[in-house]
Amino acid sequence: MFLASKLFWLLAQPLSLIFTLLILSFLFAAAGFRRLYRFLSGLAATLLFLTLFTSTGAVMLQVLENRIPRPASLPADLSCIIILGGAFENEVIAKRGGIELNQAADRFIEGLKLAQSYPSARILISGGDGSFSGQYDGDAQTSETFFSTFGIAPERLIREDQSRTTFENAANTKQLLEANGLSNCALITSAFHMPRSVGLFRKLGIAVTPWPVDYRTSGDATLGPDFSQPSLNAQLTTTAMREWTGLVAYFISGRTHVLFPQ
């Protein structure tokens, strides 16, 4: 299932899909199917324009980020801080050492802040090696170096280092919470990823307080042309499409109760 989802997304992400449509249009043109050629090439051009030169991706991502707002405060008796992985550049770390964080770094920065504010809370990091090769440390392993650098005792950490997907994050976390007798937990992940994560945790009967971080949009994006930042537009569209695809897939497969959890 993991490899199938990885391969599917390699083909389904916007720029890959556009490239595939162009290849198919050229093949149909060579075979003499001019109408199919015009339709597919026109569709590819339209998708390319929407991806690079409009705010479509920002608006799609913004809807996800606004779905589950951060609460005003966390419970005073918080016993556990769950952090979903995806913030470390583990391939770079394996080659160069050190601690290298990516755009989702807020997951661990905010986790560190909460760990300092709630010194008795355990910290559960969920994230294995999600690469094709499976030869790198996952975030759960790398996080020990990160937290110890800032004085967080290793005994507070619970490492879930087998998960490669969000569903595995939730399922494996459930087992560790039960084994350690933990409840009343905060869940930290990127804001756009929070609806899918909360949907999975609820389906498995895990009550969490969502604590979204890593916002990628301003919150007031509107749909329209945007020629100023095509590479960023493509990145936002790709991230949004991946998350919306995940929501649909998990709902259809019965892993969440509703299509768009709130």
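In the predicted model, the side chain of Asn90 makes a polar contact with the side chain of Asp139 at 2.8 Å (a pair of N or O atoms within 3.5 Å, one able to donate a hydrogen and the other to accept it; residues adjacent in sequence count only if both atoms are side-chain atoms). Asn90 belongs to helix H5 (residues 90-96) and is buried, with a relative accessible area of 13% (buried means under 20%, exposed over 50% and partly exposed in between, with a 1.4 Å probe and protein chains only). Residues are numbered from 1 along each chain, and side-chain values use heavy atoms, without hydrogens and water. Because the model is predicted, local features need pLDDT of at least 70 and side-chain atom pairs pLDDT 80 or more, whereas totals for chains, interfaces and linings use all residues.

Seven salt bridges were counted (a side-chain nitrogen of Lys or Arg within 4 Å of a carboxyl oxygen of Asp or Glu). One of them joins Arg70 to Glu110, with the closest N and O atoms 3.8 Å apart. Arg70 lies in the loop between helix H4 (56-67) and strand S1 (80-84), and Glu110 in helix H6 (residues 106-117), so this pair ties together parts 40 residues apart in sequence. Arg70 is partly exposed at 34% relative accessibility, whereas Glu110 is buried at 10%.

Lys174 is partly exposed at 25% relative accessibility, while Glu178 is exposed at 55%.

How values were computed. Helices (H or I, at least four residues) and strands (E, at least two) are DSSP runs, numbered from the N terminus.
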